[in-house]
Amino acid sequence: MQTLKATIIKDLKILIRDSMGLVMIFFMPVLLVIVITSVQNSTYELINNNRITLLADNRDKGPEGAQLMKAIEKIGMFNIIHADSSVPENEISIRMHARDALVALVIPADFSTSIQTRATGIADRALQDPDSPVLKKVIFIVQPDSLIMYYHPVMQQSFRQSIQGALHSAVQVIQGEAIVRNLYHAINSRSISPDLEKDILFGQIPITEIPVSRTGSRVVPNASQHNVPAWTIFAMFFVVITLGSTVVKEKTSGSFLRLKTLPSSYLNALFSKQIVYVLVTFLQAAVIFVIGNLLFPHIGLPALHLPNDIPGLILVTLVTGWCAASYAICVGVFCNTTEQSNGFGAISILILAALGGLLVPAFAMPANFQRIMRISPLHWSLEAYYGLFLEGGKLKDVLANILSLAGITICIQLLTLYGLKKKNLI
Amino acid sequence: MSIPAIAIRSLSFSYPKQEGIQFKDLNLEVDDGERFGLFGPNGAGKTTLMNLMTGLLRYRKGSIRLLSHEISDHPKSVNKLFGFVPQDFSFYPELSPRENLSFFGAWYGLGQYSIRKRTAELLAVLGLDEVSNRMVHTFSGGMKRRVNLAIGVMHQPRVLFLDEPTVGVDVQSRHAIIHYLKELNQQGTTLIYTSHQLEEAEGLCEKIALMDEGKIVVHDRLAILLEEHRQEGLEGLFLGLTGKHFRD
C-alpha cells in the first residue's frame with residue numbers, strides 16, 4: 001500500500017510539473033469542446049435562424065414568378081439578392097465562386113404561363129365527368145419548365161436538401177393557389193375571396209415537436225447537450241497521447257530497469273497511473289461540464305443543462321475515465337517508441353470515435369457499422385451520457401451501457417497483462 | 001566458512017532468437033564482503049552477466065545464488081538483498097533527489113521513518129544536501145551519478161552491483177563516489193563492479209575476473225594476477241589477455 005501511495009504521489013508530481021502536458025490535458029479539450037459546440041451551433045443557427053444568401057434571377061414577367069419570390073421571402077430562410085436583369089449562367093458561377101451567394105435560383109421566363117396552363121388543365125379535368133369520352137382526348141396537363149437551383153459545392157447534401165425542401169414548399173403554394181383560383185372560378189363563375197383562399201392554402205394542421213424525456217421535461221435539447229458530452233468523451237480518451245507516451249518513456253528509461261530489480265511489482269506503477277489518470281479524466285470532464293453550464297451562455301452558446309442524476313453522471317464519468325486510462329496504458333505497453341504510441345493512439349481514438357457515433361450519429365450509420373460500433377468503448381460511454389443528458393434518464397436506465405463499458409475495460413486490462421508478460425515487463 | 005555473495009554454477013545462457021551461445025557452463029564465485037571487479041572488452045558478456053545476477057534476464061540452465069538464494073526461485077525476496085546502480089541514469093529527472101529517494105525507498109519496502117533517516121544520511125554523505133529539493137534534470141553529470149548511486153544503496157543492500165558508476169564525471173565526483181564505495185564495503189557491503197576505467201578499478205577492486213567472448217579468462221586477486229602475468233597494471237594485463245583488436 002505504501003508503494004502504491006508513493007507511486008501515486010510521484011506520478012502526480014511529475015504530471016503537475018509538466019506544464020505542456022497539463023495544457024494538453026485540460027486546456028486543449030476545453031478549447032475543442034467550445035470550438036465544436038460553436039461550429040455545430042452555428043450550423044443549427046444557419047438552418048433555423050441565420051439566412052442563406054440566395055441570388056434570384058426571375059426571368060418570368062408574369063404574376064406567378066413574383067408570387068414565388070414573395071413565398072420564398074416568407075419562408076425566412078434566405079437573404080435574397082435580386083438580379084437586375086437576366087444573368088447569364090457564367091456570371092452566376094462567378095458570383096457564387098466569389099461567395100456572393102451560396103445558392104442561386106433561376107425562374108424560367110414561361111413560369112407564369114406554365115403554372116396558369118397547368119392550373120386550368122387540372123381544373124378542367126376535375127370538372128369533367130370521369131366517364132366522358134371527351135376527357136380522354138381533350139385534357140392535356142402542361143408540366144412547367146423546371147426551376148434551376150445552382151449551389152456552391154461547399155454546401156453539404158443535408159443543407160441542399162433543406163433548401164430544396166423549402167423551395168418545393170414555396171412552389172407548391174404558388175401551384176396550389178393557381179389551381180384553387182381556377183377551380184373556384186370554374187365552379188362559382190367568380191373569383192375566390194382572399195380569406196377563403198388563405199384558409200384553403202394555409203390552414204395546415206401544425207406539427208408540434210416534443211423531445212421524449214424520461215423525466216417528462218420538454219426542454220428542447222440544444223447543440224451543447226449533444227456536443228459537450230460527446231467531445232468530452234473524446235477528450236478523455238485523448239489522454240492516450242500523454243499517458244501512452246509516459247508509459248513508453250518509463251518502459252525505455254533507466255528508471256524502469258531499476259524498478260524491475262526492486263522488491264515491488266511493476267503492476268504498482270501501472271495501478272498508480274490508472275488511479276492518477278482516472279482522477280485527471282474526471283477533472284477534465286468536471287471542468288468541461290462546469291464551463292458548459294456556466295460559461296457557455298456568456299459566449300453566445302446555449303447552456304449545458306446537467307442531468308438530474310448527478311451520482312449517475314459521476315459513475316459514468318469515472319468508468320469512462322477508467323476505460324480511457326486503461327486503453328492508454330495498453331497502447332503504451334505494446335508500443336516501443338513514443339512516436340508509435342502517439343500516432344497509433346491518436347488515430348485509433350479517431351477511429352473508435354467515428355465507430356462510436358461521435359462524428360456521425362449512431363442511428364445514421366450503415367447496418368454493418370451498427371454492429372461494429374459495439375466494440376468501441378466510446379459508443380457505450382456516449383450512449384450512457386446521452387441517456388443522462390438528453391433523455392433525462394437515471395443510473396438504472398444507463399446501467400447496461402456502464403456494464404458494457406466496464407466489460408470492454410476489463411478486456412483491455414487483460415490484454416495489457418498479456419502484453420506485460422509477453423514483453424517480460426512483469 | 002562464510003556463504004559466498006554470488007555463486008554461479010554451470011550457467012548456460014543464450015538470447016532468444018539470436019544465434020550463438022552467450023555463456024556455456026560458466027562458473028564464478030564472489031566472496032561476501034569482497035570488492036570484486038568484472039572486466040572485459042565490449043561484447044564480452046559483462047552486462048549480460050550483470051543482468052542475469054540481478055534477475056533482469058532469466059536463465060534456464062545452471063544456477064546463480066545470491067547469498068545462498070537462487071535468483072530464479074525467489075525473484076522478489078532476493079531483490080531486497082542487493083542494490084543495482086546501472087550505467088544509465090535510473091531516476092526521475094522531474095523529481096528532486098529527496099523525492100527520488102523517498103519514492104525508491106518505498107519501493108524497497110522501507111518505512112517512512114527509515115526513508116527519512118536514510119535520505120538525510122545519503123544526501124549528506126554524497127554532497128547533495130544543498131540541492132536536495134532541486135529537480136534532478138537541472139544537475140551536472142557528476143551530481144546525477146551521485147543521485148544514481150544514492151538510490152542504489154538506499155536500502156543498505158548486502159550486495160551492490162555497479163555498472164560503470166563513474167562514467168562521464170569529473171575528478172571530484174569520481175573521488176567522492178569511490179571513497180563512499182570503499183566506506184560501504186568496510187561496513188560489509190559486497191561490491192560487484194564493472195567499468196572501463198581500469199586505473200580507477202585498480203584502486204577499488206581486490207579481486208577481479210576478466211571476461212572475453214562469454215568466458216572467464218582469469219579470476220583471482222589482482223596482485224596475484226599481475227605477478228603471474230608479469231604486468232605492472234590492470235591495463236597491461238587486460239591487453240595481454242584479450243588482445244588489441246577491436247571487438248565492436
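**Domains, a pocket and a sheet**

Author: The C-alpha centres of domain 1 and domain 2 of chain A lie 53 Å apart. Domain 1 of chain A is made of two stretches, 2-43 and 223-422, and domain 2 covers 51-202 (bounds from an automatic or database domain assignment). The model is predicted: local features need pLDDT of at least 70 and side-chain atom pairs pLDDT 80 or more, while totals for chains, interfaces and linings use all residues. Residues are numbered from 1 along each chain as its sequence is written, chains are lettered from A and ligands numbered from 1 in the order written, and side-chain values use heavy atoms, without hydrogens and water.

The second largest pocket holds about 710 Å³ of space (an open set of points on a 1 Å grid that fit a 1.4 Å probe, with protein on both sides within 12 Å along at least five of seven lines; lining atoms lie within 4 Å of a point; volume is that filled by the probe spheres). It is lined by 21 residues, and those closest to its centre are Asn424(A), Pro16(B), Leu56(B), Leu57(B) and Arg58(B). At least two lining residues each come from helices H11 (254-260) and H17 (395-422) of chain A and from strand E1 (6-13) of chain B (DSSP runs, helices of at least four residues and strands of at least two). H11(A) gives the largest share, 3 residues. The lining has 10 nonpolar, 3 polar and 8 charged residues (Gly counts as polar, Tyr, Cys and Pro as nonpolar).

Now the part for a close look. In chain B, 6 strands form an open sheet with mixed pairing, in the order E6-E7-E8-E3-E9-E10 (paired strands share at least two DSSP bridges).

At the E6(B) side, helix H5 (141-152) of chain B lies across E6 and strand E7 (159-163), running at about 165° to E6(B) (contact means heavy atoms within 4.5 Å).

Leu210(B) has Val218(B) as its bridge partner in E10(B), and Asp212(B) stands opposite Lys215(B). The hairpin of E9(B) and E10(B) has 2 residues between the strands, and there Glu213(B) takes a positive phi near 50°.

Terms used. Axes are lines fitted to C-alpha atoms, for helices over the stretch in contact, and angles run from 0 to 180 degrees between N-to-C directions.
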